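Subject: Handing over a structure, with notes on what was found

Dear colleague,

I am passing a structure on to you, and below it I have set out what was found in it. Please keep the structure open beside the text as you read.

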Amino acid sequence: MEQYLLGIDIGTSACKVAVFDGNGHVQASASGSYNVYYPHPGWAEQNPEEWWQAVCSAVKSVIEKGKIKPSDIAGIGIDGQSWSAIPIDGDGNVLANTPIWMDTRAAAICEETGRRIGVKRIFDVCGNPFKPSYTTPKVLWYKEQMPEVYKNTDKILQSNSYIAFKLTGEVTQELTQGYGHHCFSMRHGTWDKDMCRELGMEPDMLPDICASHQVIGNVTARAAAECGLAEGIPVVAGALDAACGTLGAGAIHPGETQEQGGQAGGMSICMDTYKADERLILSFHAVPGQWILQGGTVGGGGVMRWLEHEFADYERLKGKETGKSSLELFNELAEKVSEGSDGVVFLPYMSGERSPIWDPHAKGVYYGLDFSKTKGHFIRAAMEGVALSLRHNLEVAEQAGASVSELRSMGGSANSLLWTQIKSDVTGKRIVVPSSDTATTLGAVILAGVGVGMYNSFDEAVKKTVAEKRYHDPDIGKQETYTKNYRVYLKLYENLKAVMKGEE
């Protein structure tokens, strides 16, 4: 009897659900969309109940499309977006929408708390900067701005732990998402309750920490009825999407690096020693005994999604005639423009920016326009701007002591041969592309497979499931042009950051 694994990915714009066999082959997949709400400037929030509804719909679709017997699913793994702050009461009810990773509403709280405790003291515990995108400031914002919600909160959950709770009824906090809390000891993987109290949080709000591949419970009868699953399927705790993407891309040994091409951009470098830098993001890897040093930017595939949504009316119509997608036609326009976009430089700071500049006031900018520029320039410059942000993070990581030889690219952006080649040319790194669309959900099911004993180790799981599709080597002849644009890219932000903040 064939045994399958189910992976659930809680992304920013949609959830993705896929059923894999033991060799990493997708049997069926589906997605379910939900909204991001922007009620005020700097706010970006979602309703976790909408995540659950989308998951239930997508799971039912996968089972139907793949003709999967629910009883043949041996385990379930879940990954999720970072830095949620889901307040639930003692009965498991969600008390408010959760701010997500793009949300910067707690900027003032960060400044006040940093002055009161000392940013160095906080950093020494958690290995991460005290910035509004993280979970801690959002919880403190509830305390200050929504005291009834804070008062009635029993536990704070992350995106994957919320879906795990809905499936099993168990309240957990797995290791990789601990980095969202600044009272989490990044050296030891435990809660620092003294820091928790200093920050002004209640230690009892923090669930017990477990390993990402640990079986935390089984699918309940209620969840089975809502999702179409079989009661009793084991569920593992799951992990941060970046950790699962890194695992699913096959980056599990020190120095191996995943390049993120989803809604957000960035990279994750595997390390077996503790190395923290205030300009970057540090979390535990889903693979025991390792950390991942991350560069997390808001400018990734979401930049192209925005461009397509706002400026691709013609391409959508043309696509109906040619059978091509609007994004394929965008690629063709960008390919007609030479490297460097004839001097057009794009800052991809479309919702503030995370690492390495950590500026909630940062804005997206096109520089270098004149009457000779075309839509193709806008598209290519956007691709190059995202690649320049990747280069910026990689350079900071290398300054922090990390070593990167090649990148393993994943996410929707990796499907663009042009965009992937641009990233290789801009960074000067070789890029390996595994099965890009499924890397994150594959990472989630690897956790499930290890947890239920389908694989004896992470090495065995990766060897069985991760297939490399293609390679991109940097064109050294383009380095001079891209280095020139990179210098402009850095200067633009330095010269504009005061204006962006409204100081001039």
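Helices and strands are named here from DSSP runs, where a helix is a run of H or I of at least four residues and a strand is a run of E of at least two, both numbered from the N terminus. The model is a predicted one, so that local features need pLDDT of at least 70 and side-chain atom pairs count only at pLDDT 80 or more, while totals for chains, interfaces and linings use all residues. Residues are numbered from 1 along each chain as its sequence is written, and side-chain values use heavy atoms, with hydrogens and water left out.

I begin with the open spaces. Pockets and cavities are found on a 1 Å grid over the protein atoms alone: a cavity is a set of points where a 1.4 Å probe fits but cannot get out, a pocket is an open set with protein on both sides within 12 Å along at least five of seven lines, and lining residues have an atom within 4 Å of a point. Grid points are joined across faces, edges and corners, and a volume is the space filled by probe spheres set on the points. For the classes of lining residues, Ala, Val, Leu, Ile, Met, Phe, Trp, Tyr, Cys and Pro count as nonpolar, Asp, Glu, Lys and Arg as charged, and the others, Gly among them, as polar.

The second largest pocket has a volume of about 750 Å³, and of the 30 residues that line this pocket, Tyr-38, Ala-44, Met-102, Met-350 and Ser-351 are the closest to its centre. Helix α10 gives the most to the lining of the second largest pocket, with six residues, and by class that lining divides into 16 nonpolar, eleven polar and three charged residues.

The largest pocket holds about 1,000 Å³ of space and is lined by 49 residues, with Gln-260, Gly-261, Gly-262, Gln-263 and Gly-412 nearest its centre. Among the elements that each supply at least two residues of the lining of the largest pocket are β2 (14–20), α9, β16 (257–261) and α10 (301–311). The lining of the largest pocket has 14 nonpolar, 28 polar and seven charged residues.

The structure also holds one cavity of 30 Å³ or more. About 70 Å³ of space lies in the largest cavity, and among its 14 lining residues the closest to the centre are Thr-104, Ser-133, Glu-353, Asp-359 and Pro-360.

Helix α9 deserves a look of its own. A residue is called buried under 20% relative accessible area, exposed over 50% and partly exposed in between, with a 1.4 Å probe and protein chains only. In α9 (residues 241–248), seven of the eight residues are buried, among them Cys-244 and Leu-247. Just after α9, Gly-250 takes a positive phi of about 90°.

Now to the aromatic rings. Rings of Phe, Tyr and Trp (its six-membered ring) pair if their centres lie within 6.5 Å, and planes under 30 degrees apart count as stacked, over 60 as edge-to-face and the rest as tilted. A search of the whole structure finds 17 aromatic pairs. In one of them, the ring centres of Trp-43 and Trp-141 are 5.2 Å apart and the planes stand at 85°, so this pair is edge-to-face. Trp-43 lies in the loop between β3 (26–33) and β4 (45–46) and Trp-141 in helix α4 (residues 135–145), 98 residues apart. Trp-141 counts as buried because its relative accessibility is 9%.

Tyr-349 and Tyr-489 form another edge-to-face pair, at 6.2 Å centre to centre and 65° between the planes. Tyr-349 is buried at a relative accessible area of 2%, and Tyr-489 is buried at 1%.

A charge sits over a ring if NZ of Lys or CZ of Arg is within 6 Å of the ring centre and within 35 degrees of the ring normal. Arg-105 lies over the face of Trp-43, at 3.7 Å from the ring centre, and the charged end of Lys-423 sits over the ring of Trp-419, 5.1 Å from its centre.

Last come the cysteines. A disulfide is a pair of cysteine sulfur atoms within 2.5 Å, and the structure holds zero disulfides. The sulfur of Cys-196 is 4.0 Å from the closest cysteine sulfur, in Cys-183, which is too far for a bond.

With best wishes
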